[in-house]
Amino acid sequence: RMFHDDELEESEKFYVGQPRVLLLIYALYNTLVARSEMVCYFVIILNHMVSASMITLVLPILIFLWAMLSVPRPSKRFWMTAIVYTEVAIVIKYFFQFGFFPWNKHVDYTKDKPYHPPNIIGIEKKEGYVHYDLVQLLALFFHRSILKCHGLWDEDEKGDSSSNKEDTDDELSLTGGRRDSSASLKSVNLAASVESIHVHFPEQQTAIRRKSSSSISQLSHRLSEYILDILKNINHSTISLYFLQSKLHVIESHCGLYCFRTLQVYVPIRQFFYNLIHPDYSAVTDVYVLMFLADTVDFIIIVFGFWAFGKHSAAADITSSLSEDQVPEAFLVMVLIQFGTMVVDRALYLKKTVMGKVIFQVILVFGIHFWMFFILPGVTERKFSQNTVAQLWYFVKCVYFGLSAYQIRCGYPTRVLGNFLTKSYNYVNLFLFQGFRLVPFLTELRAVMDWVWTDTTLSLSSWICVEDIYAHIFILKCWRESEKRYPQPRGQKKKKVVKYGMGGMIIVLLICIVWFPLLFMSLIKSVAGITNKPLDVSITITLGGYQPIFTMSAQQSQLEDFNQTRFNMLLAGYRGNTAALQFLEGYGKEDITLADLEGNSNSLWTISPPSRQKMIQGLLDFSSEFTVVLSWTIQRTLGEVYPYYIKAPSDSLAKPIKQLLKGMYCKWKNITVSLVKNVSGEGVREWWVLNQLGKTFKTSGDSLELIIFSDKVSPPSLGFLAGYGIMGLYASVVLVIGKFVREFFSGISHSIMFEELPNVDRILKLCTDIFLVRETGELELEEDLYAKLIFLYRSPETMIKWTREKT
């Protein structure tokens, strides 16, 4: 063999013979080495998430607006900036840990205040203040060592020196972004500042110096002309080394070091972004799907963790707030902002404008960081490092920033054809595409946005028609491909795996849909139900419609929970009563409350003398009925006097329990009613005293016993589902879903000519051709192909010819 080396062969055999765990460690280390810059980015972002201060804010912004936008990789200047900045940050944090600073004397009081200046800057005193900075510095030195091992650390400087020697006569056209051999120019990039251009013209510097100190206005006028001249040449023409160097020296002599340094920073930055927007070459890629997924994850985080972006974090979840017909402002603002950025991103993707994407990236990076680390802590009244949901949202957004930078660096694709889910014809793409179409308004919104931001001659209705035909043909293509992969021999019955797999799943699904409301209502309260114990039990007794003679309520300590002993006594008292035991099976001891009401009325009996005399006459007349009205939640006339058991259902209507108040086990109780008169110097005062005869659990004093059975209620988050009862669930679940299922099983005869197409390749190719000529700008050809597609669907004979199997 050529290039045979025994030592290398032995090394390879030794490596292959190692244990798999060790080989896995080698592979992980090689992956770490290959993506060491990603490790540095991750550690820097993690450090900022934990610290959330102005000191740690600088490097993440530089990552998304400098490092990840550099072609082909970040320069040595960036890594040296990151290393030096991290070292300076460590020294600053260490210096401000001493206790003689005023803000370090009350750390426990100010550590949780988001707008405390040391907390914002990042110089507060805390434990482990420098741990993540040291890990960050270690990662940066690790990456530097990797670059040095591969000879990439000094690559920029070597490139600059060689370019200075070889390309001194080259020229860079700022309007076209490419070099022209007819003139002599030098490229000015971010890695090479103006000082690296070693061309000097000292005689011009002395010739244009002003000797008179009184001509300030003339100096200002000349300076403005020089600056405008430079900016004009930067924007509309080429910059020669001679012109640039001479003008910069003029400015340095006139306005001093400040203006010179300002242009020294501005020119490379502007050239950096110009080269980014007008590259000499671009490795076109398409990561819009990944960016959309990152935005979708952020959208889900907002929906399920919206409370983390508002002032009060005690809210349970979004379902409980929506069930109360309340839309939290924080949730609404976050959803609208997130959705708006997704729409803008889609528009930039369809227009394929890199400049717009760069501007959007800059605005979004600064806006998100300013809002997350300066506005949000004030809204939520807690530090960003204490907001876990906001940290998760920010981390996903950083992933989006990285993907956006990669898209900018590589450039947008020149062709955007169809949905990303329609690139393959298999079951996965089929079900994902159908699920995508089931999302409400997503298909319609996407179609309208594509029509708005894509050059086309088709009207909106024609555009939607093409999209619908393409989606339908794609679904048919997937089914035909599946039939080819899993053919069914002619004359053979379907296999049991297919019948019981698909058919059985559909049967189970339909049964679940039909009986779901009953199952839900049965389990929601028995399994997930919450005991709704009474907080106040009030009783009012009225004789014959006159002024109430007794009012009393039981609260707090007067409402006692049933223990197991009392519950067993209650069950033993109804042994043999089937109806009562069946009722008691639905309750446990935690659902029963014993109310002990004081026998003395809590209000004086105030009645006018005529009404009092009339009531006495009614009580003495035994030939006529005299009603006693006992009210708790409802009012009703009772044949018996006092119910011992009351049921408190989930609604506001409380009523006696008939199963426990009938037959030989009747627990209707008799009560004694007596009027107490108190004569004192303040006058005559009267009130009524009631006493229940035959109390079960209380024996002393004048009092009333009342046993309340509390029905379980649905949890707050599910109350909006169970609030309308079984009929509401049937109307909303069975009827609505049943309508969609019925559409699937009916109306098939009307769509046979469009569904039963043996071969759809030609129609699919025609749709793809429409997309292709639209992207290439052949709009007349687009109209012709669209007319051909419409004619095809209007002509059944032509459709039959087009969809025949290829022979």
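**Close-up 1. Aromatic pairs.** The count comes to 28 aromatic pairs (rings of Phe, Tyr and Trp, its six-membered ring, with centres within 6.5 Å; planes under 30 degrees apart are stacked, over 60 edge-to-face, the rest tilted). Tyr-94 and Phe-98 form an edge-to-face pair, 5.7 Å centre to centre with 70° between the planes. Phe-98 is partly exposed, at 33% relative accessible area (buried is under 20%, exposed over 50%, partly exposed in between; 1.4 Å probe, protein chains only). Ring pairs also link Tyr-41, Trp-66, Phe-78 and Trp-79 into a cluster.

This is a predicted model: local features need pLDDT of at least 70, side-chain atom pairs count only at pLDDT 80 or more, and totals for chains, interfaces and linings use all residues. Residues are numbered from 1 along each chain as its sequence is written, and side-chain values use heavy atoms, leaving out hydrogens and water.

**Close-up 2. Phe-433 and Phe-474 pair edge-to-face.** Their centres are 5.1 Å apart, with 75° between the planes. Phe-433 lies in helix H18 (427-438) and Phe-474 in helix H20 (460-485), so the pair ties together parts 41 residues apart in sequence (helices are DSSP runs of H or I, at least four residues, numbered from the N terminus). Phe-433 and Phe-474 are buried.

**Close-up 3. Lysines over tyrosine rings.** Lys-397 lies over the face of Tyr-400, 4.8 Å from the ring centre (NZ of Lys or CZ of Arg within 6 Å of the centre and within 35 degrees of the ring normal). Lys-477 lies over the face of Tyr-425, at 5.6 Å.

**Close-up 4. Ser-385 sits in the loop between helices H16 (354-380) and H17 (388-410).** Ser-385 is partly exposed, at 26% relative accessibility. Not counting residues up to four places away in sequence, Ser-385 touches Met-49, Val-50, Ala-52 and Gln-391 (heavy atoms within 4.5 Å).

Definitions and conventions
Helix = DSSP H or I, 4+ residues; strand = E, 2+ residues; numbered from the N terminus.
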